[in-house]
Amino acid sequence: MENETAIKVLLVDDHEMVRIGLAAVLSTEEDIEVVGEASNGADGIRLAQEYKPDVVLMDLVMEGMDGIETTRKLLQLYPECKVIVLTSFLDDEKMYPVIEAGAFSYLLKTSRAAEIAQAIRAAVKGQSILESQVASKIMNRFRQPKPSAPAHEELTEREMEVLRLIASGKSNQDVADELFIGIKTVKFHVTNILAKLGVEDRTQAAIYAFKNGLVE
């Protein structure tokens with residue numbers, strides 16, 4: 001019988017035994033309900049739209065659409081969802097991109113069942129959980145001196161698109177319509193753009209874009 005108050009969780013992993021194990025473990029938690037399982041990114045996005053999970057446990061390495069791209073596309077469609085990466089990988093080329101794509105927490109598959117359940121509960125409360133090794137890597141990255149470079153080089157390709165549209169006078173709704181993304185996703189990008197450029201509002205962001213030749 002479906003528990004309407006339980007945290008709805010979707011599993012996205014291309015290893016069947018991993019999904020079976022996670023589903024079995026999480027089924028023992030009274031406040032957590034596994035509402036669906038997907039073996040690839042495309043099915044994960046489809047099931048997320050169907051079941052509207054609170055949390056998605058996301059593998060990183062899958063055939064076809066990997067966990068990074070799946071996370072990015074899923075959160076564009078369903079920004080309220082919390083994605084928890086559950087992976088065996090700690091390498092930078094996977095870890096940083098998926099965090100930038102919007103992953104909320106990052107755990108290793110060596111995590112104990114209780115730790116995974118706790119991360120799920122924390123996610124719905126807005127609390128991010130990072131594997132200690134992940135947190136250490138992130139802190140070390142921030143401690144490294146960065147060469148002086150234009151602030152806009154910190155922008156992602158999507159953020160640059162949003163900035164150019166803002167500078168051309170587009171509203172958030174106009175940007176959402178043109179890029180085929182949700183209004184909440186646009187606001188998320190605008191917030192990131194202002195922070196990265198060190199400006200206070202959209203007008204200053206537009207001025208920055210013109211001064212730096214980012215728009216004609």
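In the loop between which helix and strand is Lys 52 found? In this predicted model, Lys 52 is found in the loop between helix H2 (41-51) and E3.

## Two residues with positive phi

Lys 52 is a residue other than glycine, yet its phi is positive, near 50°. With a relative accessible area of 41%, Lys 52 is partly exposed, a class that lies between the limits of 20% and 50%.

Phe 180, which is not a glycine either, has a positive phi of about 60°, and this residue lies in the loop that separates helix H8 (172-179) from helix H9 (183-197). Because exposed residues are those over 50% relative accessible area, Phe 180 counts as exposed at 76%.

## The sheet

Five strands form an open sheet with parallel pairing, and their order is E2-E1-E3-E4-E5. The edges are taken by strand E2 (32-38) and strand E5 (105-108), each of which has a single partner strand, so one side of each is left without a neighbour in the sheet. On average, and with direction ignored, neighbouring strands of this sheet are turned by 25° against each other.

At one end of that order, strand E4 (residues 82-87) pairs with E5 in the parallel sense over four bridges; within this part of the sheet, Thr 87 has Leu 108 in E5 as its bridge partner.

## The helix across the strands

Helix H3 (residues 67-77) lies across strand E3 (55-58) and also across E4. Relative to E3, helix H3 runs at about 165°.

Notes
Residues are numbered from 1 along each chain as its sequence is written. This is a predicted model: local features need pLDDT of at least 70, side-chain atom pairs count only at pLDDT 80 or more; totals for chains, interfaces and linings use all residues. Side-chain values use heavy atoms; hydrogens and water are left out. Two strands pair if DSSP finds at least two bridges between them. Helices (H or I, at least four residues) and strands (E, at least two) are DSSP runs, numbered from the N terminus. Axes are lines fitted to C-alpha atoms, for helices over the stretch in contact, and angles run from 0 to 180 degrees between N-to-C directions. Contact means heavy atoms within 4.5 Å. Buried means under 20% relative accessible area, exposed over 50%, partly exposed in between (1.4 Å probe, protein chains only).
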